[in-house]
Amino acid sequence: MDVRATAKTVRVTPRKARLALDLVRGKSVDEALAILQFTPNEAARQVSKVVKSAAANAEHNNSMNRADLYIKECYADEGIVMKRFMPRAKGNASQILKRTSHITVVVSDER
């Protein structure tokens, strides 16, 4: 059975989130959390929260054993983009895009 968890509008770019997700795709939940704990970037911390949430959903809602869970799918889609402006020379302004992402993790107990 597949169980999912999603974090919406996370303040990390999808490109950086995908780098952290690539590290843990296909691994067991405990191994994935160990890898993410020692990965030194903010995206890894956010992905770790989503993996913990998916594992908790599987344990609590579907009575699955945590030791059997592995990450079946994980992806980061683009969320909203906040647009900000910075003053530049000669009265101009340049746009700054603050990107967000929707991080989804699917865990399963069937290989």
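A crossing of two helices is left-handed if the near helix is turned anticlockwise from the far one by less than a right angle, and right-handed if clockwise. The structure shown is a predicted model, in which local features need pLDDT of at least 70 and side-chain atom pairs count only at pLDDT 80 or more, while totals for chains, interfaces and linings use all residues. Residues are numbered from 1 along each chain as its sequence is written, and side-chain values use heavy atoms, with hydrogens and water left out.

View 1. Helices (H or I, at least four residues) and strands (E, at least two) are DSSP runs, numbered from the N terminus. The crossing of α1 (residues 14–24) and α3 (residues 42–62) is right-handed. Their axes come within 8 Å and cross at roughly 65 degrees; axes are lines fitted to C-alpha atoms, for helices over the stretch in contact, and angles run from 0 to 180 degrees between N-to-C directions. Contact means heavy atoms within 4.5 Å. On the α1 side K16, A17, A20 and L21 take part, and they meet A43, A44 and V47 of α3. These residues divide into six nonpolar, no polar and one charged. In this classification Ala, Val, Leu, Ile, Met, Phe, Trp, Tyr, Cys and Pro count as nonpolar, Asp, Glu, Lys and Arg as charged, and the others, Gly among them, as polar.

View 2. Not counting residues up to four places away in sequence, A43 touches V12, K16, A17 and A20. By contrast, A43 and Q95 are 24 Å apart in space, C-alpha to C-alpha, and 52 residues apart in sequence.

**View 3. The buried side of helix α1.** P14, A17, A20, L21 and V24 of α1 are buried. They lie on the same side of α1 because they cover an arc of only 120 degrees around the axis, the arc being that of the directions from the helix axis to the C-beta atoms. An α-helix has 3.6 residues a turn, so residues three or four places apart point the same way. The cover over the buried residues of α1 includes α2, α3, β2 and β3. The face turned away from this buried side carries the exposed residues R15, K16 and L19. Just after α1, G26 takes a positive phi of about 85 degrees.

View 4. Which residues of α2 (residues 29–37) are buried? They are V29, A32, L33 and L36. Their arc around the axis is only 100 degrees, which puts them on the same side of α2. The buried residues of α2 pack against α1, α3, β2 and β3. L33 and L36 are also in contact with S48, leaving aside neighbours of S48 within four places in sequence. S48 is found in α3 and is buried, with a relative accessible area of 12%.

**View 5. The three-stranded sheet.** Three strands form an open sheet in the order β1-β3-β2, with antiparallel pairing. The edge strands are β1 (2–10) and β2, each pairing on one side only. From one strand to the next, the twist averages 15 degrees. Two strands pair if DSSP finds at least two bridges between them. Strands β1 and β3 pair over seven bridges, and V10 has S101 in β3 as its bridge partner. Strand β2 (residues 70–87) is joined to β3 (residues 93–108) by 15 bridges; A76 has the bridge partner I103 in β3.

**View 6. Residues with positive phi.** Most residues other than glycine have a negative phi, and most peptide bonds are trans. In the hairpin of β2 and β3, which has five residues between the strands, K90 in the turn has a positive phi of about 60 degrees. T9 is found in β1, and its phi is positive, near 55 degrees. With a relative accessible area of 40%, T9 is partly exposed. S63 is placed in the loop between α3 and β2, and the phi of S63 is positive, near 55 degrees. S63 is exposed, with a relative accessible area of 66%.

Methods
Buried < 20%, exposed > 50% of the residue type's maximum accessible area, 1.4 Å probe, protein only.
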